Each structure stands twice: as structure tokens, then as C-alpha cells.
Amino acid sequence: MSAAVWLIGSRGMLGSEVEALLADRKIPFVATDRECDITDLDALRSFAAAHEPAWLINCSAYTAVDKAEDESELAFRINASGVENIGKVAAENGARVIHISTDYVFDGEKPGAYREDDPVNPLGVYGRSKAEGEGRLKAATDRFFIVRTAWLYGTHGANFVATMLRLFRERDSIGVVDDQWGSPTYAPDLAGAIARIMVSDSTAYGTYHFTNEGRTSWYRFACEIQREARAAGLVDDRCRIDPLSTEQYPTKARRPKNSFLSKEKIRTDLGVDVRPWEAGLRDYISELAGEPKAH
Ligand SMILES: NC(=O)c1ccc[n+]([C@@H]2O[C@H](COP(=O)([O-])OP(=O)(O)OC[C@H]3O[C@@H](n4cnc5c(N)ncnc54)[C@H](OP(=O)(O)O)[C@@H]3O)[C@@H](O)[C@H]2O)c1
């Protein structure tokens with residue numbers, strides 16, 4: 001039986017949103033997660049032979065950024081070899097691939113917005129494994145879209161916004177890093193961008209950046225989360241938020257100080273809409289509060 005789309009990693013934070021969107025738009029798809037391990041090339045081949053997908057959308061990944069520092073082999077097996085397998089199977093079946101990558105391929109030293117052709121220089125194992133995955137995918141197939149994103153959040157997984165909302169309820173004060181800059185990305189907006197790439201039927205293959213628009217720090221993002229959540233009645237204003245430097249909040253893996261990605265290319269070449277991060281956050285908070293979305 002032939003399906004238009006094979007969604008890989010369907011139970012993750014992004015995969016869940018892509019699955020919901022495909023179902024909503026009545027686009028025929030098949031979905032797999034751990035039960036079809038991307039590190040198992042034969043399993044991927046059998047599944048592709050059974051379903052003959054025209055598109056492979058890869059939302060699966062090893063995403064434990066700090067843990068990756070101790071699990072390098074596993075991170076590379078999934079994020080590099082697994083992605084290479086997906087590229088091979090796509091090429092063997094004449095299918096196209098949309099693969100998700102990350103701002104962590106960059107070192108964050110550039111003062112302005114990162115463009116797709118800026119040189120990569122990951123700071124940690126996770127970023128290195130994702131950069132390697134990008135390279136192996138490109139070597140395996142010509143028909144790929146790599147979409148790098150950053151600061152992703154949504155209703156289906158652990159993420160910064162969910163953590164902040166929990167801490168606002170549990171603590172009287174928290175400290176949040178104020179010297180790392182980037183753009184929050186609401187997972188349904190990225191799912192929409194992925195769908196847009198598919199329906200555009202574009203052959204402008206290559207690497208693209210997608211986040212919500214605008215630049216903020218984690219601290220400023222936390223303040224806005226608190227403001228929106230308070231307005232929606234989800235939290236009170238008991239918890240004080242204090243700005244921290246990266247040095248005051250050490251983590252196992254180093255993070256880029258600047259994660260700001262230029263979206264000019266995805267807008268111009270693929271016609272993808274990019275709305276401000278504040279609008280995505282408002283929808284997320286509304287969803288949590290059970291209110292209808294603004295759009
Ligand atoms: N989250 C962020 O802030 C962020 C930022 C930038 C880029 N990204 C990228 O965005 C994409 C989606 O991220 P996400 O946050 O939605 O990830 P996620 O929630 O961790 O979901 C990844 C999914 O892939 C599954 N998976 C892991 N190894 C697999 C394997 N070998 N075979 C098949 N499935 C496997 C995971 O299963 P288990 O849960 O059982 O491991 C999980 O269901 C990833 O490529 C990530 O690198 C994320």
C-alpha cells in the first residue's frame with residue numbers, strides 16, 4: 001500500500017504535532033517511532049518496501065543534550081548513522097526527505113543571525129552528532145530538506161516553557177540565563193512549515209532555518225511566559241525571576257550564546273510564513289488554559 005508520507009519519530013514533541021497536522025489535513029501517512037529503529041537499516045528498508053512513501057519526515061533524534069556528553073557513541077549512532085540510513089532508504093525508493101536539525105551545529109560566536117551557509121562548529125557531542133547527520137544525509141541523497149530549528153516547545157514533551165510553568169508554581173524565586181540569545185519555536189508552527197515544504201512541491205533542496213521570529217534571552221522568555229501564564233490564570237506572580245550569566249548556571253554541555261537563525265531563505269525560497277515568537281507562546285498558553293487559539 002502506498003502512503004504519501006512516512007513520519008519517523010511520531011511520538012516526540014515535534015513528531016506528535018506533525019502527526020496531528022497530517023491527520024487534520026487528511027494527508028495519507030504512516031507513522032513510526034522506536035518500534036522501527038532508525039539505526040536498523042533493514043527495518044527501515046522493509047517498512048519502506050511495504051508502504052512506498054513519497055516523503056520521509058524525520059522527527060526522530062537523540063535529543064538529551066547534556067547526557068550526550070557521556071553517551072557519544074549512542075548519540076552518533078542515532079543522529080548520524082540513523083539519519084544516513086534514512087537518506088539511503090529515501091534514495092533507494094525515490095522518496096524525498098525532510099530532516100530536522102539544530103542551532104547547536106553552530107558555536108554561537110557570530111554576532112548576527114546565522115545563515116544556512118555559515119560554517120558549523122558545534123560545541124558539544126549532541127551538536128557534533130547532528131552536524132555529522134546533516135553531512136551523511138547529504139551524501140546519501142540529493143532530494144533532502146534539512147530544517148534547522150531552535151528552542152522548541154510544545155504540549156507533547158519536556159521543554160523550557162513547561163519547566164518554567166512548573167517552577168513558577170513550586171518556587172518563590174528562580175534564576176534564568178540572560179546571556180544566551182535565540183528564538184523560541186512553537187512546535188505546531190514548525191509542523192506547519194514542514195507541511196508547507198511538502199505541499200509547495202519545491203525542488204529547491206538544501207538546508208533551511210526555521211524558528212519563530214524575533215530574538216530574546218532565556219531570562220526574557222521566562223518573564224514573558226510568566227506574564228502570559230498569569231494573564232491566563234495558570235500561575236500567580238509569587239515566583240521572582242532573576243537574570244543569571246551562563247557562568248552562574250553551569251551545564252555539562254556548552255550552549256551557543258547566539259542561536260539566532262536567519263529565516264530569509266525559507267521565506268523567500270519556500271514561501272514559509274514565520275510569525276513572532278510571542279504569538280506562538282500566546283497560543284501555547286491559551287491551549288494549556290483551554291482557551292480557543294487566536295488564529
Ligand atoms: N527540543 C528542542 O529544543 C530542539 C531544538 C533544536 C532542534 N531540535 C531537533 O528537532 C527534532 C525534534 O525534536 P524533539 O524535541 O521533538 O525530540 P524528542 O521529543 O526527543 O523526540 C524524538 C523521538 O525520536 C524517538 N527516537 C529516538 N531514537 C530513535 C531511534 N533510534 N529510532 C526511532 N525513533 C527514535 C524518540 O523516542 P524516545 O523518546 O524513546 O527516545 C522520540 O519519540 C530533533 O531532530 C531535534 O534534534 C530540537
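1. Let's start with a definition: the expected span of a helix is 1.5 Å times one less than its number of residues. Helices here are DSSP runs (H or I, at least four residues), strands are runs of E (at least two), and both are numbered from the N terminus. Please keep in mind that this is a predicted model, in which local features need pLDDT of at least 70 and side-chain atom pairs count only at pLDDT 80 or more, while totals for chains, interfaces and linings use all residues. Residues are numbered from 1 along each chain as its sequence is written, and side-chain values use heavy atoms, leaving out hydrogens and water.

2. Now try the rule on helix α6, residues 187-200. Its 14 residues should span 20 Å at 1.5 Å a residue, and the end C-alpha atoms are 20 Å apart, which agrees.

3. How many of the residues of α6 are buried (under 20% relative accessible area, with exposed over 50% and partly exposed in between; 1.4 Å probe, protein chains only)? The count is 10 of 14, so this helix is mostly covered. Among the buried ones are Leu190, Ile194, Ile197 and Met198.

4. On to charges. Side chains of opposite charge can pair when their charged atoms come close. Searching the whole structure gives 24 salt bridges (a side-chain nitrogen of Lys or Arg within 4 Å of a carboxyl oxygen of Asp or Glu).

5. One of them joins Asp66 and Arg255, with the closest N and O atoms 2.7 Å apart. This pair links distant parts of the chain, 189 residues apart: Asp66 is in the loop between β3 and α3, and Arg255 is in the loop between β12 and α8. Asp66 is partly exposed at 26% relative accessibility, and Arg255 is partly exposed at 22%.

6. A local pair sits in helix α3, where Arg77 and Glu73 are 4 residues apart, about one turn of the helix. Their side chains meet in a salt bridge of 2.9 Å, N to O. Arg77 is partly exposed at 36%, whereas Glu73 is exposed at 53%.

7. Glu213 and Lys263 also form a salt bridge, at 3.2 Å between the closest N and O atoms. Because Glu213 lies in the loop between β10 and β11 and Lys263 in the loop between β12 and α8, the pair ties together parts 50 residues apart in sequence. Glu213 is partly exposed at 22%, but Lys263 is buried at 2%.
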